[in-house]
Amino acid sequence: PLAFGYLSGKFRNGARPANARVTLFPRFSRYSNPQSEWATEQYAQLAEKHGLSLTQMALAFIKQQFFVTSTIIGATNLDQLKENIQAFEIELPSEVLKGIEAIHTQQPNPAP
């Protein structure tokens with residue numbers, strides 16, 4: 001649900017943390033393209049506008065989908081794990097859901 005960490009925000013503005021999976025294993029390049037970067041930035045701005053982290057918004061969105069029965073999270077440190085778990089206590093308001101849908105409409109398949 002976090003797109004190899006891209007929806008955590010750690011790759012915004014061209015950042016490439018040394019210990020990230022996509023840095024260590026460059027063949028995992030699905031999410032490193034202009035359309036993914038654009039969509040990620042739009043989602044990040046939407047999250048910030050509503051006082052959420054990008055991670056919180058992404059995981060809360062997945063949790064609210066009726067067809068998703070489980071969500072696999074992957075955290076490499078305790079702070080990430082706490083943020084991931086806390087996201088499941090968030091119920092996204094309709095304004096955020098509409099914003100997500102608007103971004104998705106503009107870029108429905110950012111990482112083919």
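This is a predicted model: local features need pLDDT of at least 70, side-chain atom pairs count only at pLDDT 80 or more; totals for chains, interfaces and linings use all residues.
Select Phe4 to begin; Phe4 sits in the segment before α1. Residues are numbered from 1 along each chain as its sequence is written, and side-chain values use heavy atoms, with hydrogens and water left out.

**Stop 1**

Phe4 has 28% relative accessibility, so it counts as partly exposed. The terms work like this: buried means under 20% relative accessible area, exposed means over 50%, and partly exposed is in between (1.4 Å probe, protein chains only).

Now select Ala3. Ala3 also belongs to the segment before α1. Ala3 is not a glycine, yet it has a positive phi of about 50°. Is Ala3 buried or exposed? Ala3 counts as buried because its relative accessibility is 16%.

**Stop 2: from Leu2 to Ser29**

Select Ser29, in the loop between α1 and α2. Ser29 is partly exposed, at 39% relative accessibility. Leu2 and Ser29 are 27 residues apart in sequence, and their C-alpha atoms are 14 Å apart in space.

**Stop 3: the salt bridges**

How many salt bridges does a search of the whole structure find? It finds three. A salt bridge here is a side-chain nitrogen of Lys or Arg within 4 Å of a carboxyl oxygen of Asp or Glu.

Select Arg12 and Glu41. They form a salt bridge, with the closest N and O atoms 2.7 Å apart. Arg12 lies in the segment before α1 and Glu41 in helix α2, so this pair ties together parts that are 29 residues apart in sequence.

The side chains of Arg12 and Glu48 meet in a salt bridge of 2.6 Å, N to O. Glu48 lies in helix α2, so its bridge to Arg12, in the segment before α1, ties together parts that are 36 residues apart in sequence. Show all three residues: Arg12, Glu41 and Glu48 are linked in a network of salt bridges. Arg12 has a relative accessible area of 22% and is partly exposed. Glu48 is partly exposed as well, with 48%.

Next, select Lys63 and Glu91. Their side chains meet in a salt bridge, 3.5 Å from N to O. This pair links distant parts of the chain: Lys63 is in helix α3, Glu91 is in the loop between α4 and α5, and they are 28 residues apart. Lys63 counts as partly exposed, at 28% relative accessibility. Glu91 counts as exposed, at 57%.

**Stop 4: a nonpolar patch**

Select Leu78, Leu81 and Ile85. They make a nonpolar surface patch of about 270 Å². Patches take residues with over 30% relative accessible area and no salt bridge; like charges are joined within 9 Å, and nonpolar side chains (Val, Leu, Ile, Met, Phe, Trp, Tyr) within 5 Å. Accessible areas come from the Shrake-Rupley method with a 1.4 Å probe, and for residues only the protein chains shown count as cover. Zoom in on Leu81, in helix α4 (residues 78-87). Leu81 is partly exposed, at 34% relative accessibility.

**Stop 5: the largest pocket**

The largest pocket holds about 630 Å³ of space. Of its 24 lining residues, select those closest to its centre: Pro1, Leu7, Tyr43, Phe61 and Pro110. On a 1 Å grid over the protein atoms alone, a pocket is an open set of points with protein on both sides within 12 Å along at least five of seven lines, whereas a cavity is a set where a 1.4 Å probe fits but cannot get out; lining residues have an atom within 4 Å of a point. Grid points are joined across faces, edges and corners, and a volume is the space filled by probe spheres set on the points.

Which helix gives the most to this lining? It is α3, with five residues. The lining of the largest pocket divides into 17 nonpolar, five polar and two charged residues. Nonpolar covers Ala, Val, Leu, Ile, Met, Phe, Trp, Tyr, Cys and Pro; charged covers Asp, Glu, Lys and Arg; the others, Gly among them, are polar.

**Stop 6: the second largest pocket**

About 540 Å³ of space lies in the second largest pocket. Among the 22 residues that line it, Phe4, Gly5, Lys10, Arg21 and Gly74 are the closest to its centre. Helix α4 gives the largest share of this lining, three residues.

Note on methods
Helices (H or I, at least four residues) and strands (E, at least two) are DSSP runs, numbered from the N terminus.
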